[in-house]
Amino acid sequence: MSTTGNGAAGRGLGHVVVVGAGVAGLAAAHRLLERGARVTVLEAGDRVGGKLLPGEIAGVRVDLGAESMLARRPEAVALAREAGLGDRLRPPATATAAIWTRGALRPMPKGHVMGVPGTAAALAGLLSDEGLARIDRDAGLPRTETGDDVAVGEYVAARLGREVVDRLVEPLLGGVYAGDAYRISMRSAVPQLFRAARTHASLTEAVRDIQAKAAAAGQTGPVFLGIEGGVGSLPLAVADSVRARGGEILTGTPVRELRRRGPARPDAADGEHGAWHVLAGDRVLRADAVVLAVPARPAADLLRAESPGAAAELAAVEYASMALVTLAYRRAGLRLPEGSGFLVPPVDGRTVKAATFASQKWGWVAAQDPDVVVLRASVGRYGETAVLGRDDAGLVEVARHDLREATGLDAEPLETRVTRWTDGLPQYPVGHHARVARVRAHVAAVPGLAVCGAQYDGVGIPACVASAYAAVDQLDGDPAGAAELTAHPVQSLHGGAGE
């Protein structure tokens, strides 16, 4: 075990308080226990899991939050296996999806990187003839500089035209961030494309190079995986594992203040040692170290006293809100298009941004009750507030309207559920990587402190787990993982319509 860095590695990690019981906080707790720490997890809400939420509709278990995880990264899949869920990992039953644009459901193109094609032919059938011709001009254009960072939409539009962005890049990125492609950082959100764009004059050539390297790597197996019973079962299983290893998880326990009181005394009595005082509810916990695994704004509030620089940076992080409308229908007489669902470009002016045919995407959903079909529709993008101001019945109404327009589905649902994710998705604007680097530099200057979560290195489950492990390594004296993630974020690829 290293004895360098800002951790307490020379005498062991001691007692570590993890603030937040989303998947990042639970993964951090799990890893800390492996390192021999004593762990207390404090969660303000009444449950663990954050944006991973299992639920039920019409007697069928479903996810009411994120529903899949990138399988080409090892962290989330490995954590699921460590938590005893390895035999429940499932690939999607279908990998086909559609784009609902210009009044029709059009097949999701293949041969692109987050909507950026390697050839114009890859987007035939989706773009107009003019849009396809604009892509072909890319090879003859002078280099477009990326600088230290650039917005995905801005760069791609300059090279290939706005139609590529508006009809494909925007809905794909919107499915991940609920954001605006013309604001989202290419360096942070699509890092492999950013790196390739810096070494190729032509963007389509850069995409072809990425595709060739991927083919040479010979990656096999599904790109994404779900979990039978729902991805929402992952944090529950990890929490069970944490408790089984002796960790303590306290829900309904908001942390009100973090104070560092000075170095711990080696001769302190049990229960009195620890440089950190954590005010949680009516209790004061003493800890040798703290991992903050909460969203940016509550993290900023808790860091103002001990790291005002980090607090100021985190306070500036913006979030998008969205809602998921889950609907269950009787299967008899129901006809849906094939595939896993569809995405909707904002330029088409629809309210729903994506829909997932859950019973077609996940075999385990369909198998629970062959007579019931479950769909999910997502509503809300960055800057859209009016639609989310509707009550639940209003959101169901707009979801049903758009589903009817897209698919002809006009049946009366057996049951509906609305799940609101207010400020659920951190935004990654141009310069996000630099902000994360500044946050981590401020945090590293405070002994026994680390941060992790979706606002740093990627919004997907593997990114959150990787962020948690890097935080633990930092406390344990090894800052390399955090530095690597800051330099090379985990791309949050899109997992199919409705993600």
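Reader: Why is Phe357 called buried?

Author: Its relative accessible area is 2%. Buried means under 20%, exposed over 50%, partly exposed in between, with a 1.4 Å probe and protein chains only. So Phe357 counts as buried. This is a predicted model: local features need pLDDT of at least 70, side-chain atom pairs need 80 or more, and totals for chains, interfaces and linings use all residues. Residues are numbered from 1 along each chain as its sequence is written, and side-chain values use heavy atoms, without hydrogens or water.

Reader: What makes Phe342 and Phe357 an edge-to-face pair?

Author: Their centres are 6.1 Å apart, with 70 degrees between the planes. Rings of Phe, Tyr and Trp (its six-membered ring) pair if their centres lie within 6.5 Å; planes under 30 degrees apart are stacked, over 60 edge-to-face, the rest tilted. So the pair is edge-to-face.

Reader: Why is Phe342 called buried?

Author: Its relative accessible area is 1%, so Phe342 is buried.

Reader: How do you know that Asp473 and Arg35 make a polar contact?

Author: Their side chains come to 2.7 Å. A polar contact is a pair of N or O atoms within 3.5 Å; within protein, one must be able to donate a hydrogen and the other to accept it, and residues adjacent in sequence count only if both atoms are side-chain atoms. So this pair qualifies.

Reader: What puts Arg31 over the face of Tyr469?

Author: Arg31 is 3.6 Å from the ring centre. The rule asks for NZ of Lys or CZ of Arg within 6 Å of the ring centre and within 35 degrees of the ring normal. So Arg31 counts as lying over the ring.
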